[in-house]
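Here is a short report on the disulfides of one protein model. Look at the structure first, then read on.

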Amino acid sequence: KTPSLTSIYPVYGSTAGGTDIQIRGSGFSAASASGAGGPVDLATLTVTMERGWSTPAKVRCVISSATDSLIKCVTGAVSLRDGGWSVVVVHVRGVGNAVANDVRYQYIDKWSSRTTWGGNDPPAPCEDWDDDRDCKNSVWVPGGNYVMLDRSPGRLYLLLVDGHLEF
């Protein structure tokens, strides 16, 4: 039986990696392909997040546990400029790949996270208009970066978005 994917949770995480995800589907055991059932041998499974825009790449998701219908793994890291959507691929050695176009994972960094800003604190906003009329605090989101606005950035002089800013 060919393995299949039905869902992933959560559907997004940081480009720094380290996000625990759960992948649901069926046929994740090589033994289930023959109808034998039994435990899943983790050595027969590979999970990758595959993207193919600026630099085609496969990012491994390190598997911590698996059953025939559930895989738990930890995402690998990508560069800040390689965020965005990836197709999830589960490979069962000797059986084949499970791929579903609607089971995707998004590498996106939260505005409030230090990883979004190269390990630094998020950008500081300007003070109140009456107290800080000359404020020039500005933020640039470079091309290729995906940032989720999970909190208000406060008052800024300029917010320049060459990449992607999601609300």
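The sections below cover the overall count, then each bond in turn.

## Overview

This is a predicted model. A search of the whole structure turns up 2 disulfides. In general, a disulfide is a covalent bond between the sulfur atoms of two cysteines.

How are the disulfides of the protein chain patterned? Counting bonded cysteines along the chain, the pattern is 1-2, 3-4.

## Cys61 and Cys73

Cys61 is joined to Cys73 by a disulfide, with an S to S distance of 2.1 Å. The pair links distant parts of the chain. Cys61 sits in strand 5, residues 57-66. Cys73 sits in strand 6, residues 70-75.

Buried means under 20% relative accessible area. Cys61 has a relative accessibility of 1%, so Cys61 counts as buried. Cys73 is buried too, because its relative accessible area is 1%.

## Cys126 and Cys135

A disulfide also forms between Cys126 and Cys135. Their sulfur atoms lie 1.8 Å apart. Are these two cysteines buried or exposed? Cys126 is buried, and Cys135 is buried as well.

What is the handedness here? The torsion about the S-S bond of Cys126 and Cys135 is about -75 degrees, so this disulfide is left-handed.

## In brief

The disulfide of Cys126 and Cys135 is left-handed.

How values were computed:
Residues numbered from 1 in each chain as written. Predicted model: local features only at pLDDT ≥ 70, side-chain atom pairs only at ≥ 80, totals over all residues. Heavy atoms only, no water. Disulfide = S-S within 2.5 Å. Helix = DSSP H or I, 4+ residues; strand = E, 2+ residues; numbered from the N terminus. Buried < 20%, exposed > 50% of the residue type's maximum accessible area, 1.4 Å probe, protein only.
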